[in-house]
Structure formats: C-alpha cells, structure tokens
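I am opening a notebook page for this protein and will write down what I looked up, entry by entry. Where a term needs a cut-off, I will give it when I use it.

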Amino acid sequence: MGHADGVLGVGDAGVEEHAVGAEFHDHRHLAQRILAEFDGELPCDPAVLISFQGVGPKCAHLALGIACGEAYISVDIHVHRVTNRWGYVQAKTPEQTMAALEEKLPQGYWIDINRLLAPFGKHICTGKLPKCSACPVLAMCQQVGVKAHW
Ligand code: SF4
C-alpha cells in the first residue's frame, strides 16, 4: 500500500487555503497512526484495516483486492442488490451477500465483482425502477423482488 508520509508532508497552510479542513485532519490523524504503528506502510491484513474508525469490510476488502491483489469480495449496496435480483444469492444484508458470494462465486471474480457491478447497479439495475427492458442480462435474471421497471 502507499506510504503515509505523503499526507503528513502537506503543509497545513496550503491545505486550509483549499478548505478541506476536517477531512484533511482526519487523514492526517490516520497517517500519523499508520506511521507510528506500522512504520508508514499498512499491512495487507483485513483485521488491521477494520481496526481503523470508519473502515468496514466493504472498504477493507476493496483496498485488499486493489492495493494488495488479494482475493476479497467487496459488497456494497449495488453488488448486494444486483446479485440478489439475479437470484444468484438469497441474502437480506450486504454482509450475508458477501458470505454467500464467498461460498459460490469462483475466486477469479472476487476482486472484479465490485468494479463491474457498482456502475451496473447505479445506472441499469437501479434501486427504484431498474431498466430491465434495456438490460443486457435480462434473459439470465430472475428479477427477484422487482415489482416495476422501465
Ligand atoms: S433484468 Fe432488471 S433486475 Fe435483472 S439485472 Fe437487469 S436491470 Fe436488474
């Protein structure tokens, strides 16, 4: 993963000029902890990533997949909705969907599924009125729970 020095090296004055305020200080605090506890380099360890405030399995798994190249599934609300509408999994929460996908989805797709399904869920298989009539996977989809669509 990237080194935390980059965040700490940015001068306060310049940053505050650009009004990033609280968010920058959160990042600075994060960078300080990474330097102090991990010598500036976060390990590819889900338990470590989840120990940071505000980091859940979705973000941790995304980082581990992209930055570390390790097979983890990141399930956001889009991956959860789409895979359940397909009928590929039957799960009530993103956490349950993640566990179900870990059982069923071949590992070669674990990293890519978020990158592929997040935009698909934002633009085609949307929360309200999914665009089923224009959907490229309509023939393979069970449309579970879909009561109305374009
Ligand atoms: S057919 Fe409809 S419900 Fe199924 S994936 Fe496509 S947009 Fe989503």
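Predicted model: local features only at pLDDT ≥ 70, side-chain atom pairs only at ≥ 80, totals over all residues.

**Entry 1, Gln-143.** I began with Gln-143, which is partly exposed because 15 other C-beta atoms lie within 10 Å of its own; a residue is called buried if 20 or more other C-beta atoms lie within 10 Å, exposed if 12 or fewer, and partly exposed in between, with C-beta atoms placed from the backbone. Gln-143 sits in the segment after α8, and its phi is near 50°, a positive value in a residue other than glycine.

Residues are numbered from 1 along each chain as its sequence is written. The pLDDT is the predictor's confidence in each residue, from 0 to 100, and its mean for the protein is 85, with 83% of residues reaching 70 or more.

I looked up the secondary structure and found 8 helices and 0 strands, where helices (H or I, at least four residues) and strands (E, at least two) are DSSP runs numbered from the N terminus. Of the 150 residues of the protein, 21% count as buried.

Which residues of helix α5 are buried? In α5 (residues 57-68) they are Ala-60, His-61, Leu-62, Leu-64 and Gly-65, and what covers them includes α4 (46-50) and α8 (112-123). After α5 comes Gly-69, with a positive phi near 65°. I also checked Asp-45, which lies in the loop between α3 (21-38) and α4 and is partly exposed, since 14 other C-beta atoms are within 10 Å. Asp-45 and His-61 are 16 residues apart in sequence and 9.6 Å apart in space, C-alpha to C-alpha.

Two packed helices are described by the angle between their axes and the distance between the axes. For α6 (residues 77-86) and α7 (residues 94-104) I found an angle of about 65° and axes 9 Å apart; the axes are lines fitted to C-alpha atoms, for helices over the stretch in contact, and angles run from 0 to 180 degrees between N-to-C directions. The contact (C-beta atoms, placed from the backbone, within 7 Å) is made by Ile-77, Val-79, His-80, Thr-83 and Asn-84 of α6 and by Pro-94, Thr-97 and Leu-101 of α7. By class, this contact has 4 nonpolar, 4 polar and no charged residues, where Ala, Val, Leu, Ile, Met, Phe, Trp, Tyr, Cys and Pro count as nonpolar, Asp, Glu, Lys and Arg as charged, and the others, Gly among them, as polar.

I counted 15 residues around the ligand, the closest being Cys-125, Pro-130, Cys-132, Cys-135 and Cys-141; a residue is near a molecule if its C-beta atom, placed from the backbone, lies within 6 Å of it. The shell divides into 11 nonpolar, 2 polar and 2 charged residues. Leu-129, in the segment after α8, has a positive phi of about 45° although it is not a glycine, and Leu-129 is exposed, because 11 other C-beta atoms lie within 10 Å.

Terms used
Contact = placed C-beta atoms within 7 Å.
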